[in-house]
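Me: I would like to learn how to read salt bridges and helix packing in a model. Can we go through them one at a time?

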Amino acid sequence: MFWNLRNSIDFFFRRKINFSRINYTEKNENKADLGFSDFEVKQENYLLNKYNFEDYKNNSTLANYCQNLHILNLLDKYLLVNPKERISVLDIGSKNWYYVQSEYSYFSKYCNDIQLDGVEIDAYRLYANFYNRLEVAKYYMKGLSGVNYIPADVMSINKQYDYIIWILPFVLIEPHRYWGLPDKYFKPQNLFEHAYSLLNKGGKMFIINQGDQEFEAQKFIMKDKKYLSYKIEALFYEYKYDRYLSILEKE
């Protein structure tokens, strides 16, 4: 009861006030010694060349570069994309969308026109430096055409997409509360079914969970759908808990 009351009040005022400093920025950091293994160096070079990611390497922080490289590697390894003129992608729960560069570089490889939407219900959550998630996301999205950050509940999204990316959905109530969301928004089954309905026929959903308990909860939510799952190898970026990937294709 206490968690829900506090979260409901905080969440209401975050959305009402929309406070943030503006013009968030980061400085490039030297990447001469990333501490990668020989295999990671080889894979990094492969990704840099295939997805023209060298420019981002030279214009990012160490942490953010490694995070994006990790996501780019997962997309390259596990998500098969059918090339076509236009591809539409939805990222659910984008937070500050620190990994948008990896998604954009990956999908842009397979089309001439990309629509990449990120939706985040708690876009006005404030960091200790007094920037909110939306303002930070604007920095990471800078220079990317066809990219749109939507501060809203995914249940309000009604467009159709070819691909959906969903990193660390809230499938257990404890993390949902810990990150400050009111209980009324905890409806993992409904959220999943709605997200699935947004996929075009033949479209794919790419879901990442952390920890065995969350992965088991995710599998229960997907029990009526066909999917493939994998335990993720943590290249370029270390995890505190094991992570799992599930891929669904809409028939």
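Me: How many salt bridges does a search of the whole structure find?
Reply: Keep in mind that this is a predicted model. A salt bridge here is a side-chain nitrogen of Lys or Arg within 4 Å of a carboxyl oxygen of Asp or Glu. Searching the whole structure gives 15 salt bridges.

Me: Which parts does the salt bridge of Arg14 and Asp122 tie together?
Reply: Start with the distance, then look up where each partner sits. The N to O distance between the side chains of Arg14 and Asp122 is 2.9 Å. Arg14 belongs to helix 1 (residues 2-17), while Asp122 is in the loop between strand 2 (113-119) and helix 6 (133-141), so the pair ties together parts 108 residues apart in sequence.

Me: Are Arg14 and Asp122 buried or exposed?
Reply: Buried means under 20% relative accessible area. Both Arg14 and Asp122 are buried.

Me: How far apart in helix 6 are Glu135 and Lys138, which form a salt bridge?
Reply: They are three residues apart in helix 6, and therefore separated by about one helical turn. The closest N and O atoms of Glu135 and Lys138 are 3.4 Å apart.

Me: Why does Glu135 count as buried, and what is the relative accessible area of Lys138?
Reply: Read each partner separately. Glu135 counts as buried because its relative accessibility is 10%, under the 20% cut-off. Lys138 has a relative accessible area of 47% and is partly exposed.

Me: Where does Asp242 lie, and where is Lys231?
Reply: Asp242 and Lys231 form a salt bridge with their closest N and O atoms 3.2 Å apart. Lys231 is in strand 6 (227-231) and Asp242 is in the loop between strand 6 and strand 7 (243-249), so the pair ties together parts 11 residues apart in sequence. Asp242 is partly exposed, at 37% relative accessibility.

Me: Now the helices. At what angle do helix 2 and helix 4 pack?
Reply: Read the angle together with the distance between axes. Helix 2 (residues 38-50) and helix 4 (residues 62-78) pack at about 80°, and their axes are 11 Å apart. The two helices are therefore roughly perpendicular to each other.

Me: Which residues make the contact of helix 2 with helix 4?
Reply: Helix 2 contributes Gln43, Glu44, Tyr46, Leu47, Leu48 and Lys50. From helix 4 come Tyr65, Leu69, Leu72, Asn73 and Asp76. By class, this contact has six nonpolar, two polar and three charged residues.

Note on methods. Residues numbered from 1 in each chain as written. Predicted model: local features only at pLDDT ≥ 70, side-chain atom pairs only at ≥ 80, totals over all residues. Heavy atoms only, no water. Axes fitted to C-alpha atoms, helices over the stretch in contact; angles between N-to-C directions. Helix = DSSP H or I, 4+ residues; strand = E, 2+ residues; numbered from the N terminus. Parallel < 35°, antiparallel > 145°, perpendicular 65-115°, else oblique. Contact = heavy atoms within 4.5 Å. Nonpolar A, V, L, I, M, F, W, Y, C, P; charged D, E, K, R; others polar. Buried < 20%, exposed > 50% of the residue type's maximum accessible area, 1.4 Å probe, protein only.
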